[in-house]
Amino acid sequence: METILTGIQSTGQPHIGNYLGAIKPAIHLAQSFQSYLFIADYHSLTKIHRSDEFHHNVYEVAATWLACGLNPEKAVIYRQSDIREIFELAWILACFTPKGFMNRAHSYKDKVAKNLEAGNKDPDFGISMGLFNYPILMSADILLFSANKVPVGEDQIQHIEFARDIAQKFNNNYGDIIKLPEALVQKEVKIVPGLDGRKMSKSYNNHIPLFVDSKKLRKLIMKIKTDSSPPESPKDPENSLIFDLYKEFSTESQQQELRAWYLRGIGWGEAKQVLFEAIDKELSEKREVYNQFMEDPSRLDKILFEGAQKARDVAKINLDKIREAVGV
Ligand code: TRP
């Protein structure tokens, strides 16, 4: 059976972009594959240095996945930091990673570009080795479990290529020890737009947190940027942020209906209300389950602990093979 694996960073409550781009497709896949789904808490340590926040964020992610329907009896769900083997492998892989690879990583290059834009003399200002090495840790996450497929958003494809390249370098030296993974990009989801039309991202502050209450959800949706065309003027559904988001939460026939309303002339407030109702309908039950988990995180601890045990059983076997190959 093929193995899929994916991780989600614990940098605060997941948003609708994470839900559509990562969580939902991964949970769907988990029904037909052996799957590993983990909370990449040590990745988030590149940004989050407050211990209470660090700890709490793990619960938010775990509760989210479970609320969205992940079945911990079938899929293995765990905290990255519980799997010590990942970090040993990360070091081994680092010794097979040309530094030039990391110089070319998008996330690193973005930070450097921002520094230069801001007129900073030091292009590496504020960049930790954790951030620089991030793709190596991510490679270890994946390669340790011999994952065949890694469902990710388009922005993560480069990281999967790094994992393959690093594994290949290792294998070139020691033989076929590490399995090469493949990125599994959900084509139809692509990049989810945020409230301002750019990619939905916490760092742009244009995101819709997944489980805000209905009232707040509506308020956020009402903030979506629109032009000043009057309510009665016909509007182009193919060129509308609201419609793009609506597609993710509606059936084909519901889309036809809204499309027709756009062409007749719809007020932006009305379009937003339709979008709000669709999103709220899909999320309200999940929100309830989420809130119940968050009220009693000991239930989450138990699930994560059991997941880590299962994951470590596999991790140990694979790491042993790699250590042996190296000559440890
Ligand atoms: N880098 C991913 C992100 O920011 C999260 C992640 C960490 C991940 N390790 C992974 C995803 C391994 C897939 C596989 O979204």
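**Exercise 1. A salt bridge**

In this predicted model, glutamate 282 and lysine 24 form a salt bridge.

Solution. The rule requires a side-chain nitrogen of Lys or Arg within 4 Å of a carboxyl oxygen of Asp or Glu. Across the interface of domain 1 and domain 2, the rule finds one salt bridge. Two residue pairs in polar contact are counted between the domains. Helix α1 (residues 16–29) supplies four residues, the largest share of the side of domain 1 that touches domain 2. That side divides into seven nonpolar residues, two charged residues and no polar ones.

**Exercise 2. The domains and their interface**

Determine how the chain is divided into domains and how much area domain 1 and domain 2 bury between them.

Solution. Begin with the bounds: domain 1 comprises 3–192 + 297–326, and domain 2 comprises 214–289. Next, take the separation of the C-alpha centres of the two domains, which is 33 Å. Then consider contacts: nine residues of domain 1 touch eight residues of domain 2. Finally, turn to the area. Domain 1 and domain 2 bury about 720 Å² between them, with 68% of it on carbon and sulfur atoms. Of the area that domain 1 buries against domain 2, Ile16, Tyr19 and Ala67 supply 56%, more than any other three residues.

Notes: Residues are numbered from 1 along each chain as its sequence is written. This is a predicted model: local features need pLDDT of at least 70, side-chain atom pairs count only at pLDDT 80 or more; totals for chains, interfaces and linings use all residues. Side-chain values use heavy atoms; hydrogens and water are left out. Domain bounds come from an automatic or database domain assignment. Contact means heavy atoms within 4.5 Å. Buried area is the accessible area (1.4 Å probe) that two parts lose on being put together, summed over both. A polar contact is a pair of N or O atoms within 3.5 Å; within protein, one must be able to donate a hydrogen and the other to accept it, and residues adjacent in sequence count only if both atoms are side-chain atoms. Helices (H or I, at least four residues) and strands (E, at least two) are DSSP runs, numbered from the N terminus. Ala, Val, Leu, Ile, Met, Phe, Trp, Tyr, Cys and Pro count as nonpolar, Asp, Glu, Lys and Arg as charged, and the others, Gly among them, as polar.
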